[in-house]
Structures are given as structure tokens and as C-alpha cells.
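Dear colleague,

Please find the structure below, handed over for your own work.

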Amino acid sequence: IDRRTGASWSQIGTSPTNSYNDATAVANTAYLYRVRAVDGSANVSSNSNVDLATAIVFTHASLTIGTTAVKAAHFSELRTAVNAVRTLAALSASSFTDPTLTSAVSIKGAHLTELRAAVDPARVALGLGVVSYSDVLPIGIQVKAAHINELRGAVR
């Protein structure tokens with residue numbers, strides 16, 4: 001199991017099963033992972049596809065569409081995750097409209113559009129490509145749980 005935290009890859013462990021817990025991950029940090037298989041004759045496979053993960057604790061594991069209300073905390077967490085991915089991609093942190101989101105700030109489509117615009121270049125720089133979102137967000141659209149879940153998928 002290899003992990004990339006900067007410009008180079010390092011082997012961080014092995015696993016006899018198809019799961020692995022990276023106990024050395026640091027909070028609020030993004031990582032790239034890849035794996036190789038080794039058989040009983042010590043033949044090593046090619047590297048797997050690369051996957052992105054962030055060590056961000058999100059309020060609610062996922063938002064239930066039609067049930068979970070979108071909150072400012074969800075956006076603050078996503079901003080942390082997006083900037084962690086940007087750091088991994090050697091891009092500067094994004095600055096956002098309404099830098100401090102609280103329950104007193106109405107969440108707008110513009111906040112979501114900013115997050116999408118910040119994460120896509122980082123994903124491209126990391127060789128992951130952009131995410132296909134379910135809809136285009138004009139400025140006045142209501143932000144939904146599905147939008148938050150899509151962005152979470154883009155950063156973890």
C-alpha cells in the first residue's frame with residue numbers, strides 16, 4: 001500500500017486482506033493511495049488506480065436527501081477538505097465568499113459553485129479528473145443534500 005502526501009510515493013504498509021486502516025493519517029490532510037498485489041511466488045502486479053482520501057471528520061456520514069438539512073457546518077467541513085486536496089495538488093488554498101459560515105449565514109448556490117471551482121483544478125492536477133455533477137447551479141438555486149454528498153465524493 002503506497003501513499004502520496006507530496007511529490008513522491010511511499011510504501012506505508014501491507015495487508016493480507018482487501019482492507020487497510022491508515023493509522024498514520026493526519027487530521028485535515030488529503031492523501032493519494034495506490035496498491036499492488038503480491039502472489040505466493042513474489043510476483044508483483046502493476047499499481048492500482050489512484051484514489052483520493054481526506055482525513056476530515058464530516059458532520060453526518062452522509063446527508064439523507066429529503067431529511068438532513070444542509071448547514072453551514074457542512075460547508076465549513078467541505079472547505080477544509082477542498083483546501084486539503086488543493087494543498088496535496090501543490091495549489092494555494094482557496095479563499096471563499098463569506099469566509100466564516102455560521103448558522104446566521106444563508107447557504108447559497110454560489111457557495112457550492114465556489115467549492116466546485118476550487119476542487120476541480122486540484123483533482124485535475126492530481127490526475128483524477130473533474131467530477132460530473134448532477135446539475136449546474138445558478139446563483140439562486142436551493143442547495144440540497146445531494147449537492148453536499150457529490151462534493152464529499154469529490155474530496156474523499
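For the helix packing, axes are lines fitted to C-alpha atoms, taken for helices over the stretch in contact, and angles run from 0 to 180 degrees between N-to-C directions. Please note that the model is predicted.

Helix α1 (residues 72–88) and helix α3 (residues 145–155) have axes that come within 10 Å and cross at roughly 25°. Angles under 35 degrees count as roughly parallel, so α1 is roughly parallel to α3. Their crossing is left-handed. On the α1 side, the contact is made by His 74, Phe 75, Glu 77, Leu 78, Ala 81, Val 82 and Val 85, which meet Ile 148, Leu 151, Arg 152 and Val 155 of α3. By class, this contact has 8 nonpolar, 1 polar and 2 charged residues.

Helix α1 also packs against helix α2 (residues 109–125), at an angle of about 20° and with the axes 9 Å apart. These two helices are therefore roughly parallel to each other, and α1 passes α2 in a left-handed crossing. Among the α1 residues that meet α2 are Phe 75, Leu 78, Arg 79 and Arg 86; their partners in α2 include His 111, Glu 114, Leu 115 and Pro 121. The contact of α1 with α2 divides into 10 nonpolar, 1 polar and 3 charged residues.

With kind regards

Conventions:
Residues are numbered from 1 along each chain as its sequence is written. This is a predicted model: local features need pLDDT of at least 70, side-chain atom pairs count only at pLDDT 80 or more; totals for chains, interfaces and linings use all residues. Side-chain values use heavy atoms; hydrogens and water are left out. Helices (H or I, at least four residues) and strands (E, at least two) are DSSP runs, numbered from the N terminus. Angles under 35 degrees count as roughly parallel, over 145 as roughly antiparallel, 65 to 115 as roughly perpendicular and the rest as oblique. A crossing is left-handed if the near helix is turned anticlockwise from the far one by less than a right angle, and right-handed if clockwise. Contact means heavy atoms within 4.5 Å. Ala, Val, Leu, Ile, Met, Phe, Trp, Tyr, Cys and Pro count as nonpolar, Asp, Glu, Lys and Arg as charged, and the others, Gly among them, as polar.
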